[in-house]
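Could you walk me through how the ligand is held here, and what the chain around it looks like?

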Amino acid sequence: MAVSDKGLLGIEELSREEIEAILERAKHFQPVQHQAVKKLEILRGKMIVNLFFESSTRTRTSFEIAAKRMGADTVSISASGSSVSKGESLVDTLNTLAAMRPDAIVMRHAASGAPHFLARHLPIPIINAGDGTHEHPTQALLDALTILDKRPSLEGLRVAIIGDIAHSRVARSNAHLLSKFGVEVVLCGPSTLLPRELEHLAPNVHLTWDMNEAITDADVIMMLRVQLERQHEVLFPASEYFRFYGLAQEHIDRAKPDVIVMHPGPINRGRELSSEVADSQSSVILNQVENGVAVRMAVLERVLN
Ligand code: CP
């Protein structure tokens, strides 16, 4: 089992059965979000450390809420407020935290593979909350849950993932997950943000630079944030981006009539998608955020029990 005492490091190494088991448990936790009393006892006595070396609103908050709803205690640390800002290394920071005997560490880091490296050296489960441009496993799980709220199954769907594919851990985790369920995954973006080798990332993954081609007959359109913080040279003319790769209402007519529009957030209105689309009936962006809590409750339960 890939979700184990090592934690959850990526979607690539998970089996379809294991993903289904997490999603089933997440469905079980969805109604908890609407109960008057939301606190469960399942992880009572457990201590979870959230260690974020990169900014986050959704992932960090929802891991914390998920842990608390499961009855666990949490401590949240960001790099800027910790001894990392005094020059402490990643390994020393993690060894220091491990010496306080938490039961799991949730970690976001700018370096691809950082959680995998630490999982090999620490006796504590590590949950990857996003590592560089590599993976964001809980985002893909919550995206799958959100699609399944609107569709009976993933099998046979066409999902267009559009934008800054090159720097997107969300695109990679989603491509791995959706591919395992027989989804046709179309990755689309400007050529400088769409590495050709991603065609070999997983079965059923196709690449196109043409946004209209990507969207035609899509069941799901997943827009991505342009990650300017990871771009160290000009990769596209910023003023032209929306014209070629921004999602506007006229695109929606090319997709299936009941198309779902997704975005992992944070969204940049007017760059990646218009406000009209972001706030439309097709948009499930806030449903994704809500499902983040249920999915992270399921992941924490699986890792810690
Ligand atoms: N989707 C996502 O990872 O958002 P945050 O960066 O706000 O956590």
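The protein chain splits into domain 1 (3-135 + 289-304) and domain 2 (137-284), with bounds from an automatic or database domain assignment. Their centres, taken over C-alpha atoms, sit 25 Å apart. Across the boundary, 32 residues of domain 1 touch 26 residues of domain 2, contact being heavy atoms within 4.5 Å.

A quick word on the ground rules: this is a predicted model, where local features need pLDDT of at least 70 and side-chain atom pairs count only at pLDDT 80 or more, while totals for chains, interfaces and linings use all residues. Residues are numbered from 1 along each chain as its sequence is written, and side-chain values use heavy atoms, with hydrogens and water left out.

Now the ligand. Around it you'll find S56, T57, R58, T59, R108, H136, Q139, P264 and G265, counting residues with a heavy atom within 4 Å. By class, the shell has one nonpolar, six polar and two charged residues; Pro counts as nonpolar, Arg as charged, and Gly among the polar ones.

Here are some polar contacts (pairs of N or O atoms within 3.5 Å):

| Protein side | Ligand atom | Distance |
|---|---|---|
| T57, polar backbone atom | oxygen | 2.8 Å |
| R108, polar side-chain atom | oxygen | 2.9 Å |
| P264, backbone N or O atom | nitrogen | 2.8 Å |

The protein covers 91% of the 260 Å² of accessible area that the ligand has on its own (Shrake-Rupley method, 1.4 Å probe).

Note on methods
A polar contact is a pair of N or O atoms within 3.5 Å; within protein, one must be able to donate a hydrogen and the other to accept it, and residues adjacent in sequence count only if both atoms are side-chain atoms.
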